[in-house]
Amino acid sequence: MSKDKVQIFDTTLRDGEQVPGCKLDTEQKLVIAERLELLGVDIIEAGFPVSSPGDFKSVTEISKLVKNVTVCGLTRAVKKDIEVAADALKYAKRPRIHTGIGTSASHIKYKFNSNKDAIIEKAVAAVKYAKTFVEDVEFYAEDAGRTDNEFLARICEELIKVGVTVLNIPDTTGYCLPEEYGAKIKYLTENVTGIHKATLSCHCHNDLGLATANSIAGVVNGARQIECTINGIGERAGNTALEEVVMILRQHPTLGLDTNINSKLLNSTSLMVSQKMGMIVQPNKAIVGANAFAHSSGIHQDGVIKNRETYEIIDPADVGVNESSIILTARSGRAALAYRAKIVGYELTKVQLDTVYQEFLKYADTRKEVVDNDIHEIIETSGINLKALN
Ligand code: KIV
Ligand code: ZN
């Protein structure tokens, strides 16, 4: 079955970089942009050009650097922002301007002290103006997650009339439930005249831990672009994690959706972004956390040693991790000890293993983890007459 492509819009360098303390300089951004191109993302949101000279420079330099990826610059629905973004993008082979405005009742009332008709007017004017500079114009309806669907459909329809290419439906506050977000996308596909002329995009924040689930609900219901960041970094609880949505689509072929991402580069890309931003990845993070392929309980270790698939749904090699790791702790069983002892050079008979295991348990009870060097000491202390194989 040929699969529908979901475009990966990476916003690590824009929304991701809005994390306090994670500011990158242009050189660092260029290294990451080069890596994102190699990874296979379709669009790089390189910054918010009007926001600072540094962001302007980064967008300009990334535009010169990358060859096959669309480079995108963020703007508000403000003429000056659009002009500056167009200028920053002038060297891009495939430039995209990403403009938008808040559409929820609270944004319209408190942020803009405005009304729905005036918001539509501003949105249309911004897209029209951006189209005078570039063909590819994406519009974000900020706080779309809390915007009523009827108004959202109205604004989308007006924007399609003036040539918008991508309609971004952000769950800016991470409020939506997956069913709700999926239904929102479905409503737009069914109620906006001309919707086939634009791509619907999911941009989900993780305030309730639902960003990934919401993005998947979005594409299942007709969206064909996901906006995400490496390691899920971003404002507050972060954005949708790129590595998660990519691997969900890959591990569930029945969804009939895939991306252009080379998943074997996911782990090293995660490490690179984490190091450059000085932002550690939680060890239990899906796909790229240090423990994502580590097994420490005896029952799981026994299963994985017999057949990896008993407790792993992803082959670690598919995301660039060399192998599953069998971590020795006080909860490990004989199978894990024998497995690790063999790796460090000891082939133990059943009787020897019984003796060494008793020593191992005493040792492991005093430690969080038993490492390779400890195994030599345990075997020596256990008193069995055995030489390391190497
Ligand atoms: O979360 C959001 O609404 C955004 C927009 C600026 C796209 O980041
Ligand atoms: Zn965002």
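Before anything else, a word on names: helices (H or I, at least four residues) and strands (E, at least two) are DSSP runs, numbered from the N terminus.

**Ground rules.** I'm working on a predicted model, where local features need pLDDT of at least 70 and side-chain atom pairs count only at pLDDT 80 or more, while totals for chains, interfaces and linings use all residues. Residues are numbered from 1 along each chain as its sequence is written, chains are lettered from A and ligands numbered from 1 in the order in which they are written, and side-chain values use heavy atoms, with hydrogens and water left out.

**Whole chain.** I counted up the elements and got 14 helices and 12 strands. The C-alpha atoms fill a box of roughly 85 × 40 × 40 Å along the principal axes. Of the 390 residues, 53% are buried (buried is under 20% relative accessible area, exposed over 50%, partly exposed in between, with a 1.4 Å probe and protein chains only). I also noted an accessible surface of about 17,700 Å², 51% of it belonging to carbon and sulfur atoms (areas are from the Shrake-Rupley method with a 1.4 Å probe; for residues, only the protein chains shown count as cover). Then contacts, meaning heavy atoms within 4.5 Å: among those with a separation of 6 or more, 73% are between residues 24 or more positions apart.

I went back to asparagine 231 for its backbone. Its phi is near 65°, a positive value in a residue other than glycine. Is asparagine 231 buried or exposed? It counts as buried, because its relative accessibility is 12%. Arginine 236 is in the loop between S9 and H9 too, and its phi is also positive, about 50°, although it is not a glycine.

**Helix H8.** Next I checked how covered H8 is. Eight of its 10 residues are buried, so the rest of the structure largely encloses H8. I jotted down the buried ones: Ala211, Thr212, Asn214, Ser215, Ile216, Ala217, Gly218 and Val219. Their cover includes strand S7 (166–171), helix H7 (178–191), strand S8 (199–204), S9, H9 and S10. Just after H8 comes glycine 222, with a positive phi of about 120°.

**Helix H9.** H9 (residues 242–251) is mostly covered as well, with seven of its 10 residues buried.

**Serine 263.** I found serine 263 in the loop between strand S10 (257–258) and helix H10 (266–277). Serine 263 is buried, at 8% relative accessible area. Leaving out residues up to four places away in sequence, it touches Met247, Arg250, Asp318, Val319 and Gly320.

**H1 against H2.** How do these two cross? The axes of H1 and helix H2 (residues 53–65) come within 9 Å and cross at roughly 35° (axes are lines fitted to C-alpha atoms, for helices over the stretch in contact, and angles run from 0 to 180 degrees between N-to-C directions). The crossing of H1 and H2 is right-handed, which means the near helix is turned clockwise from the far one by less than a right angle. H1 brings Thr26, Lys29, Leu30, Ala33 and Glu34 to the contact, and H2 brings Gly54, Asp55, Lys57, Ser58, Glu61, Ile62 and Leu65.

**H13 against H14.** Helix H13 (residues 350–364) packs on helix H14 (residues 372–381) at about 125°, with the axes 9 Å apart. H13 is therefore oblique to H14 (under 35 degrees is roughly parallel, over 145 roughly antiparallel, 65 to 115 roughly perpendicular, the rest oblique). H13 passes H14 in a right-handed crossing. On the H13 side I listed Val356, Glu359, Phe360 and Tyr363, which meet Asp374, Glu377, Ile378, Ile379 and Thr381 of H14.

**Threonine 70.** Last stop: threonine 70, in strand S4 (residues 70–74). Threonine 70 is buried, with 9% relative accessible area. Its C-alpha atom is 63 Å from that of valine 351, 281 residues apart along the chain.
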